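Please keep the model open beside them as you read.

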Amino acid sequence: MRIVVLGAGFGGLEIASRLSAEFGDALDLVLVDRADAFVFGFSKLDVMFGRTSAEHVVHRYADVVRPGVRFARATVRAIDPVARRVVTDDEVLEADVLVIALGADLHPEATPGLVEGGHEFYTVEGAFAVREVLERFEGGRVVVAVTSTPFKCPPAPSETAFLVHDLLERRGLLDRSQVSLVMPLPAPIPPSPQASRAILTAFAERGIAWHPETLVRGIDPARKVAVLTDGGELPFDLLLAVPVHRAPAVVVEAGLTQDGWVPVDPFTLETRFPDVYAVGDVTSVGTPKAGVFAEGQAAVVADAIAARMRSDGAGATYDGRGICYLELGHDEVARVEVVFRPGEMPVGSLEGPTAQLAADKAAFGAERVQRWFGRSWEQLAR
């Protein structure tokens, strides 16, 4: 049975590693990605704020040497979900089971003035480039802005606001600086009131301005103001933006999307096309667009494929559970656990923040690098 997995993020890597561990050389899986390496979302912040080097956080797909898995670095040009046929730059792949795990594409150019007047920090290239911007920054008005919904990793804008504040504090620039966060959400982490209260309390203590239920819809580079959806304006000296997210064009052109994203069965991650699954940010499954949820969904899909290969049952179902680590500045980290079940209100809990949870966060990354890439990884000291 030929399995083709499009996208080597949390979802694609988890599927490949799980199936390889069980079936070894009996597996026939092709893992496709246009990039040559994987970078954790939290590692982008570590590089941005000078905690570690770019080289240290890049995990090369060439290191994915697993029985039964072939990695193909290529751009997907066309998908036929009926025939389960994929056309890439290099080859045509025919699949018995096809998994779409291509994530969300980011479009800073979709927000007027952003490319000319601001800096996006959600792509790997953007985040790494912002490091130099922050190194040169001499203080002033910093706006962390979300430009559309949905967006990946809802805690990340709040984390960025805290880490910018820490940076300014270390440099003695707070007396002439102001950090503001503009978000479309009514609370920093709506599923967890406890986590949201902790963030808002810390914002108040640090003087970080909070602008909820608001989007930045444009930038005026000449006047250095962010134009808000309510018609207001927010002046800035440095603007760090979460860019517009969209499903990859090749997924839309394949007829896989509805209202912009791929609808799936919330329990099995099956699309409306037989033997075609979708996991992670590309879907509208109802969980946040974050790697840990893609990983949980991938485990369900891998289990279903394994059950089919063994001919012994239907496999597990997705429980909507995920955890994330939240930076609150001053080297303290909190752990948020959230559960999203279809037809129910999401529920969340908070542990911390504490300095010890920073070590737990490092272990989270190291465990996955070991599982997916077969090597050890230690994050550098802060």
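Is Trp372 buried or exposed? Trp372 has a relative accessible area of 1% and is therefore buried (buried means under 20% relative accessible area, exposed over 50%, partly exposed in between, with a 1.4 Å probe and protein chains only).

1. Some ground rules come before the details. This is a predicted model, in which local features need pLDDT of at least 70 and side-chain atom pairs count only at pLDDT 80 or more, while totals for chains, interfaces and linings use all residues. Residues are numbered from 1 along each chain as its sequence is written, and side-chain values use heavy atoms, with hydrogens and water left out.

2. Trp372 has a ring partner in Phe10: the ring centres are 5.2 Å apart and the planes stand at 80 degrees, so this is an edge-to-face pair. Rings of Phe, Tyr and Trp (its six-membered ring) pair if their centres lie within 6.5 Å; planes under 30 degrees apart count as stacked, over 60 as edge-to-face and the rest as tilted. The pair links distant parts of the chain, with Phe10 in helix H1 (residues 10–23) and Trp372 in helix H10, 362 residues apart. Helices (H or I, at least four residues) and strands (E, at least two) are DSSP runs, numbered from the N terminus. Phe10 is at 13% relative accessibility and so counts as buried.

3. Phe38 and Phe40 also make an edge-to-face pair, because their planes are at 80 degrees, with centres 4.9 Å apart. Both are buried: Phe38 has a relative accessible area of 6%, and Phe40 is at 1% relative accessibility. One aromatic cluster takes in Phe10, Phe38, Phe40 and Trp372, along with Phe42, Tyr61, Phe71, Phe373 and Trp377. The structure holds 16 aromatic pairs.

4. Helix H1 deserves a look of its own. Of its 14 residues, 11 are buried, so H1 is largely enclosed by the rest of the structure; among them are Glu14, Ile15 and Phe23. From first C-alpha to last, H1 reaches 20 Å, close to the 20 Å expected at 1.5 Å a residue (the expected span is 1.5 Å times one less than the number of residues). Just after H1, Gly24 takes a positive phi of about 55 degrees.

5. Where does Val58 lie? Val58 is in the loop between H3 and strand S4 (59–60), and its 17% relative accessibility is why it counts as buried. Leaving aside residues up to four places away in sequence, Val58 touches Ala37, Phe38, Val39, Phe128 and Arg375 (contact means heavy atoms within 4.5 Å). Phe128 is itself one of the buried residues of helix H5 (residues 124–136). The buried residues of H5 pack against helices H2, H3 and H6 and strands S11 and S18.

6. Now for a sheet. Three strands form an open sheet in the order S21-S22-S23, with antiparallel pairing (strands pair if DSSP finds at least two bridges between them). S21 (321–327) and S23 (347–354) are at the edges, each with a single partner strand, so one side of each has no neighbour in the sheet. The twist averages 15 degrees from one strand to the next. Helix H10 (residues 356–373) packs on the sheet, touching S21, S22 and S23, and its direction makes about 125 degrees with that of S21. Axes are lines fitted to C-alpha atoms, for helices over the stretch in contact, and angles run from 0 to 180 degrees between N-to-C directions.
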